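Work through the exercises below with the sequence and the coordinates open. Each task is followed by a stepwise solution.

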Amino acid sequence: MKAHSILVVDDDLVAAELLAEVLSREGYRVELATSGEEAVKKGEAERFDLVITDLRMPEFGGLDVLDAFKRMSSDTMTIVITAFGSFETAIEAIQNGAYDYIVKPFKMDDIKQKVARCLEQKALLKKNAPAVPATEGFAFKTIIGSSPKMLEIYKTVARVAASEVPVLIQGESGTGKELIARAIHDNSPRSKEPYIVLNCAAFPENLLESELFGYAKGAFTNALTDKKGLLEEASGGTCFLDEIGDMPLNLQVKLLRVLQKGEIRRIGANQNIPVSVRFLAATNKDLLSMVKARQFREDLFYRLHVVTITLPPLREHPEDIPLLVDHFFQKAISKTKKDVHGISKEAMDTLVRFNWPGNIRELENAIERALALTSNKVLLPSDIPSELHGAEARFAEERPGTLRTLGEIKIDYIEQILKHTGGNQNMAAEILGIDRKTLYRILKRAKGEGVEGEEEE
Ligand SMILES: Nc1ncnc2c1ncn2[C@@H]1O[C@H](COP(=O)(O)OP(=O)(O)OP(=O)(O)O)[C@@H](O)[C@H]1O
Ligand SMILES: [Mg+2]
């Protein structure tokens with residue numbers, strides 16, 4: 001087999017040669033360029049499988065190299081080299097279609113792994129998908145976050161957008177699943193085609209079926225004319241099945257058939273209709289446990305699960321909170337037209353410390369509410385809803401004599417979470433990391449009702 005060709009671009013000759021040396025020893029054919037201009041010249045003369053370019057170079061920088069190669073040879077993969085700590089440009093590069101980034105100083109094993117994975121991916125993409133039009137950059141301007149966790153998400157989105165595979169998006173409520181689904185569609189070759197969203201939790205079973213598949217005239221009493229279903233409407237484009245965990249088992253079978261055969265049959269009709277739909281699905285449930293409990297079909301799970309994107313809860317990337325706060329502040333201020341200039345450091349600290357059971361949606365609501373209610377020029381800690389000031393803060397505010405027990409604070413906290421889940425105890429238990437029975441027991445005890453066989457958790 002012909003060796004893969006790699007172009008290494010770095011104005012630091014020592015670093016470039018080191019990298020070239022390591023990659024040659026892995027059996028790749030490696031060329032060097034010590035400036036962006038030279039890289040482009042070489043790219044015009046021959047086609048490379050992969051370009052690894054430093055981002056920071058005088059005049060013609062790494063992003064320009066990326067751009068030039070995207071135009072010249074859209075199937076050339078790119079990896080960018082970034083200095084430790086300057087993730088922002090790496091994000092920009094990923095958003096512009098780079099496959100991955102490596103951090104200077106180099107870790108050779110890391111590089112070997114990333115290069116191998118990248119070239120594997122190239123082979124896969126070539127087999128499965130039309131390349132994204134070379135001039136179209138990745139557009140996820142409204143998705144905020146520059147933490148390593150979010151960067152991983154962008155990378156996966158950029159990678160899967162170009163292909164046709166189904167994507168399962170998982171994550172707690174409010175982590176941005178809908179936003180990510182939309183970004184996949186918008187960056188896919190189907191972006192100009194329909195994007196149809198169906199919330200599986202919003203319909204009773206029979207209605208969900210007719211929404212999805214449509215019906216033939218006379219199929220049931222009210223079927224006065226033929227009606228197209230959403231899957232037909234989505235043909236050529238993307239269908240996003242939100243809350244897929246709530247799809248009834250009997251419909252799961254029918255959906256599986258669509259995924260396998262690429263055709264649907266309207267209810268009451270006797271003919272199949274071919275459809276070309278790319279499926280995205282989202283859930284905040286643990287589908288694998290549902291499979292084990294036979295509440296979700298295993299075959300459908302594996303079909304949907306080809307690529308999984310798991311969005312992190314906000315408490316696992318708190319470093320993104322200030323960026324998100326700024327974003328939501330700007331968004332809200334343009335609506336309220338209030339004369340508020342910003343947010344105080346203390347208020348920001350409170351927001352960063354809170355653990356956000358309702359994730360990004362809850363943060364957005366908190367900012368909107370604070371802005372609507374404040375009469376200050378700058379948001380102060382007192383503008384931040386009191387339940388967001390952690391347990392210690394609340395403790396400190398209590399007057400002597402009214403000090404509350406840890407148990408009471410726990411109940412308070414649980415009640416807040418129940419409020420977020422709209423009273424859904426299963427979801428609340430999941431967020432709290434305890435099982436449903438334990439939650440039930442705590443609540444029962446709080447109401448002063450004893451529970452049989454009670455033990456301390
Ligand atoms: N990374 C992000 N940057 C900016 N806004 C975000 C981000 N993630 C989520 N949001 C915003 O937070 C809100 C909730 O996001 P979204 O509806 O996508 O969450 P979800 O995971 O689908 O939640 P649910 O499971 O409750 O349906 C939306 O207003 C969305 O625009
Ligand atoms: Mg959603």
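**Exercise 1: the ligand shell**

By class, the shell around ligand 1 has 4 nonpolar, 9 polar and 4 charged residues. The model is a predicted one.

Task: State how many residues surround ligand 1 and which are the closest.

Solution. 
1. The shell around ligand 1 consists of 17 residues.
2. The closest are Ile144, Ser173, Gly176, Lys177 and Glu178.
3. Two helices, H7 and H15 (359-373), each supply at least two residues of this shell.
4. At the level of domains, at least three shell residues come from domain 2 (162-310), and at least three from domain 3 (314-389).

**Exercise 2: H6 and H7**

Task: Helix H7 also packs on helix H6; describe the geometry and the contact of H6 with H7.

Solution. 
1. Take H6 as residues 148-161 and H7 as residues 177-186; their axes come within 8 Å and cross at roughly 40°.
2. On the H6 side the contact residues are Ile153, Val157, Val160 and Ala161, and they meet Ile180, Ala183 and Ile184 in H7.
3. Sorted by class, the contact of H6 with H7 holds 7 nonpolar residues, no polar and no charged ones.

**Exercise 3: H18 and H19**

Task: Are helices H18 and H19 roughly parallel or roughly perpendicular to each other?

Solution. 
1. The axes of H18 (residues 425-432) and H19 (residues 436-446) come within 9 Å, with a crossing angle of roughly 105°.
2. The range 65 to 115 counts as roughly perpendicular, and H18 and H19 are therefore roughly perpendicular to each other.
3. Gln425, Asn426, Ala428, Ala429 and Leu432 in H18 face Arg436, Leu439 and Tyr440 in H19 across the contact.
4. The class count for the contact of H18 with H19 is 5 nonpolar, 2 polar and 1 charged.

**Exercise 4: H2 and H3**

Task: Classify the crossing of H2 with H3 and list the residues that make the contact.

Solution. 
1. For H2 (residues 36-45) and H3 (residues 62-72), the axes come within 10 Å and cross at roughly 15°.
2. Angles under 35 degrees count as roughly parallel, so H2 and H3 are roughly parallel to each other.
3. The crossing of H2 past H3 is right-handed.
4. H2 contributes Gly36, Ala39, Val40, Gly43 and Glu44, while H3 contributes Asp64, Val65, Ala68, Phe69 and Met72.
5. By class, the residues of the contact of H2 with H3 are 6 nonpolar, 2 polar and 2 charged.

Definitions and conventions:
Residues are numbered from 1 along each chain as its sequence is written. Chains are lettered from A and ligands numbered from 1 in the order in which they are written. This is a predicted model: local features need pLDDT of at least 70, side-chain atom pairs count only at pLDDT 80 or more; totals for chains, interfaces and linings use all residues. Axes are lines fitted to C-alpha atoms, for helices over the stretch in contact, and angles run from 0 to 180 degrees between N-to-C directions. Helices (H or I, at least four residues) and strands (E, at least two) are DSSP runs, numbered from the N terminus. Two residues are in contact if their C-beta atoms, placed from the backbone, lie within 7 Å. Ala, Val, Leu, Ile, Met, Phe, Trp, Tyr, Cys and Pro count as nonpolar, Asp, Glu, Lys and Arg as charged, and the others, Gly among them, as polar. A residue is near a molecule or strand if its C-beta atom, placed from the backbone, lies within 6 Å of it. Domain bounds come from an automatic or database domain assignment. Angles under 35 degrees count as roughly parallel, over 145 as roughly antiparallel, 65 to 115 as roughly perpendicular and the rest as oblique. A crossing is left-handed if the near helix is turned anticlockwise from the far one by less than a right angle, and right-handed if clockwise.
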